[in-house]
Amino acid sequence: MRMQDGALDCDIKLCNSLCCRNCAVLTRDEVSELIANIRNEYALELDPRKYFRLAKGEHGIYYAMKMIKGRCIFLNKENRCRIYKCRPALCELYPVIDVDAVDERCPIVNKLPGEKIDSLKRQYAEKIDEMIQKEEKFLFV
Ligand code: SF4
Ligand code: SF4
């Protein structure tokens, strides 16, 4: 959910933070970095086994944030992100959800200038390239 830093002018009463109902995926390095950032920023010590699960990518393994009843484990009762200052890159890039796709259900999509969407898509593509390079390979499963 994008409201708290004012980067996007979201009204979460309209969408109930729809963007936090998808499972963001991270590489192993990103999980480690996220845990360290949350420790520094929020003085919280997360047990990665409680907050992440293994997720199979096309060619290897990623780590997905756990969901509880269809909501990201970091979303609080007020539909705000508990770790907003440290949220993963894929959360920051929403409403872009693929290299050439936006989530049309997000109410802010139609209000964003085309250049902003294009810029988010470019960043998304770069991010995915980076993740593929860091993907953990299957070991002859
Ligand atoms: S779903 Fe869209 S409008 Fe709602 S918080 Fe997320 S980015 Fe903002
Ligand atoms: S980490 Fe935060 S911004 Fe990302 S999906 Fe979870 S609650 Fe939403």
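1. The largest pocket has 22 lining residues, and those nearest its centre are Asn22, Cys23, Ala24, Leu90 and Cys91. A pocket here is an open set of points on a 1 Å grid over the protein atoms alone, where a 1.4 Å probe fits, with protein on both sides within 12 Å along at least five of seven lines; lining residues have an atom within 4 Å of a point. Two or more lining residues come from each of α4 (89-93) and β6 (96-98). Helices (H or I, at least four residues) and strands (E, at least two) are DSSP runs, numbered from the N terminus.

2. This is a predicted model, in which local features need pLDDT of at least 70 and side-chain atom pairs count only at pLDDT 80 or more, while totals for chains, interfaces and linings use all residues. Residues are numbered from 1 along each chain as its sequence is written, and side-chain values use heavy atoms, with hydrogens and water left out.

3. The volume of the largest pocket is about 370 Å³, a volume being the space filled by probe spheres set on the points, which are joined across faces, edges and corners. Its lining comprises 19 nonpolar, 1 polar and 2 charged residues. Ala, Val, Leu, Ile, Met, Phe, Trp, Tyr, Cys and Pro count as nonpolar, Asp, Glu, Lys and Arg as charged, and the others, Gly among them, as polar.

4. The second largest pocket has a volume of about 230 Å³. It is lined by 16 residues, with Glu30, Glu33, Pro88, Ala89 and Lys127 closest to its centre. By class, this lining has 8 nonpolar, 1 polar and 7 charged residues. At least two lining residues come from each of β1, α2 (28-42), α4 and α5 (114-134); the most, 5 residues, come from α2.

5. How many residues of strand β3 are buried? The count is 6 of the 6 (residues 60-65), so the strand is largely enclosed by the rest of the structure. Buried means under 20% relative accessible area (1.4 Å probe, protein chains only).

6. Strand β2 (residues 52-56) runs antiparallel to β3, joined by 5 bridges; two strands pair if DSSP finds at least two bridges between them. Arg53 has Ala64 in β3 as its bridge partner.

7. Strand β1 (residues 25-26) also pairs with β3 in the antiparallel sense, over 2 bridges, and Leu26 stands opposite Tyr63. Strand β8 (residues 136-137) is joined to β3 by 2 bridges, again antiparallel, with Lys137 in β8 as the bridge partner of Gly60.

Technical notes. Chains are lettered from A and ligands numbered from 1 in the order in which they are written. Buried means under 20% relative accessible area, exposed over 50%, partly exposed in between (1.4 Å probe, protein chains only).
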